[in-house]
Structure formats: structure tokens, C-alpha cells
Amino acid sequence: MTEEEKEKLAEETINKNMPQGFQKVSNADSDIKKVIGVMSGKGGVGKSFITSLMTSISNKKGLNTAVLDADITGPSIPKSFGVHKKAVGTEYNILPVETASGIKMMSINLLVDNEAEPVIWRGPVIGGAVQQFWTDVIWGDIDVMFVDMPPGTGDVPLTVFQSMPIDGIIIVTSPQELVEMIVSKAVIMAQKMNIPVLGLVENMSYFECPDCHKKHEIFGKSRVDEIASAYGIESTVRIPINPEFASCVDQGRVEDIDTAFLEDFYNKVIN
């Protein structure tokens, strides 16, 4: 059997075994116009950081903005925005928590008693929680929602792709050569699910010396344009290493970060 025949057989097997018609309807009191997923093929590349920045830019542009934290076992969105109060609701619905600037948010950390306690759940339970964030939360009138997905191509990304009307995804990566293989897995998964890949973000791309302003590629030479070209991804951006970014996130002040370096990318992918 040739490589082409093996690939075709594998795709047919996936399509045959993939459940169809799983898309869920959002809450009756929600009107969500655009849903953008933020995904990474592996952990530790700053996916939640990019989600927070994109959410912040949307809100500053005057859009009614929401963020759904689908990373159930590694939720970090609330801390980035300095949100620690708990979500409340009725017998049937949940009310999202709002940040100081009015961004609507839902995360498992807004529902558990102690946000430091680990969520030790099996895949189906985690997937069910993500679906409930979509169906049971009264989001209201939302222009754009960002979904922060856990790393990899497992249960939760599959649940998000099948359950929600995703308009496109942004893939976050880092400069290491190994990442090209990891990115390819995320891209191919999106293609198989008929989800457009809107852009590619290379985080921790370089460090700019504050004194001489020379750029140092600490994690290796940038490969973002090369990878994007290989998969037909039109929009890319390189995000520098900046200690102030980490400080702002740790202090719950992600909205205070000057996002000028991300504005062009945002305008290209969110239109």
C-alpha cells in the first residue's frame, strides 16, 4: 500500500468513526455572532496569553467580547484578568463573570471552591463541562467570543469543534524546529473538521535588548513564515519575550499590556 493510499484510508476511517450532528445550540438568551478558537499543538507556548491579548484588543475596540476557558484541567484565563469571584446562576443557567472592563468570562476556576485544587476528571466529564459553558451560560449579546482550548488534539478540542459553530482558529506556536510537526497536527485536525486556520502566532520569538535594541532569537531561528507557507496560512505574527508581559499576567493586569505589536494581526484575522 502506498503512502497516499494509507493516508486516504486513515482519513476515511476518521470520517467514518467521527460522530456527526453534535453541534449544540447556545443558551436562548445568548446571541454570539463570531466564535474564534485559540489552539496549540503542545503546551507551554503561551496559548492562554495570546487568547487574553486577543480578547483584550476586541474589548478595547468597543466590541461586546467574551472568553470561554475550555482548558478545564489548566485554567488560567481568570488569573490573567485578575478575576477571582465566583460565578452564580439559577437552577438551569449560569451567569458569566465580568472583568473590570466588561469582558464576559466563564472558566472552571469560577465554579470551584478553591481555584488551586486540581480538576481530576475523565475526558467525557471534561467535554460535558465545556459543552455546558456553551449551552448553559447566559452570554447575552456577544460580537466575538474567544475559546481558549487545552493543548493537543484530544477530547476537548474535538468537543469544541463539534459542539460550537467555530468560525476559525488561531494556532499558537514557538520557534523550536520540533514545533513544525506539532503545528502540522493542529492544522490537519482543523482541516479534517472543516475549520479555517485564520492565523499563526509565534510566541517567545525573540528578545529585544532594551539597551542596544538588538533582537536575539533565544529559542532558535524563527520558522513561522516557513510553516505558514507550507500550510497556506496567510496571517502570521512574532511575539517577543518581554518580562513585563509575565509580570502583568501574574498580577492579573493582562489588559494593561500595550498590544500595538498584535493590532495588525488582529485586524487581519478578525474581520
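Searching the whole structure turns up two aromatic pairs, where rings of Phe, Tyr and Trp (its six-membered ring) pair if their centres lie within 6.5 Å, and planes under 30 degrees apart count as stacked, over 60 as edge-to-face and the rest as tilted. Take Phe49 and Phe245: their ring centres sit 5.6 Å apart with the planes at 35 degrees, so this pair is tilted. Phe49 belongs to helix H2 (residues 47-60) and Phe245 to helix H8 (residues 243-250), so the pair ties together parts 196 residues apart in sequence. Helices (H or I, at least four residues) and strands (E, at least two) are DSSP runs, numbered from the N terminus. Ring pairs link Phe49, Phe245 and Phe261 into a cluster.

Before going on, a word on the model. It is a predicted one, in which local features need pLDDT of at least 70 and side-chain atom pairs count only at pLDDT 80 or more, while totals for chains, interfaces and linings use all residues. Residues are numbered from 1 along each chain as its sequence is written, and side-chain values use heavy atoms, with hydrogens and water left out.

Leaving aside residues up to four places away in sequence, Asn59 touches Thr65, Ser101, Gly102, Ile103 and Glu255, contact meaning heavy atoms within 4.5 Å.

Now for the charges. Side chains of opposite charge can pair when their charged atoms come close. The whole structure has nine salt bridges, each one a side-chain nitrogen of Lys or Arg within 4 Å of a carboxyl oxygen of Asp or Glu.

One of them joins Arg238 to Glu202, with the closest N and O atoms 3.6 Å apart. Arg238 lies in strand E14 (residues 235-238) and Glu202 in strand E11 (residues 197-202), so the bridge ties together parts 36 residues apart in sequence. How do these two strands pair, in the parallel or the antiparallel sense? E11 and E14 run parallel, over four bridges; two strands pair if DSSP finds at least two bridges between them. Glu202 stands opposite Arg238 in E14.

In E14, Ser235 and Val237 make up the covered face, with Thr236 and Arg238 on the uncovered one.

Another salt bridge brings together Lys33 and Asp141, whose closest N and O atoms are 2.4 Å apart. Lys33 is in the loop between strand E1 (31-32) and strand E2 (35-39), and Asp141 is in strand E8 (residues 141-142), so distant parts of the chain, 108 residues apart, are linked. Both ends are partly exposed, with Lys33 at 45% relative accessibility and Asp141 at 41%.

Finally, Glu226 and Arg223 meet in a salt bridge at 3.5 Å, N to O. Glu226 is partly exposed, with a relative accessible area of 45%, while Arg223 is buried at 15%. Elsewhere, salt bridges that share partners join Asp31, Lys33 and Asp141 into one network.

How values were computed: Buried means under 20% relative accessible area, exposed over 50%, partly exposed in between (1.4 Å probe, protein chains only).
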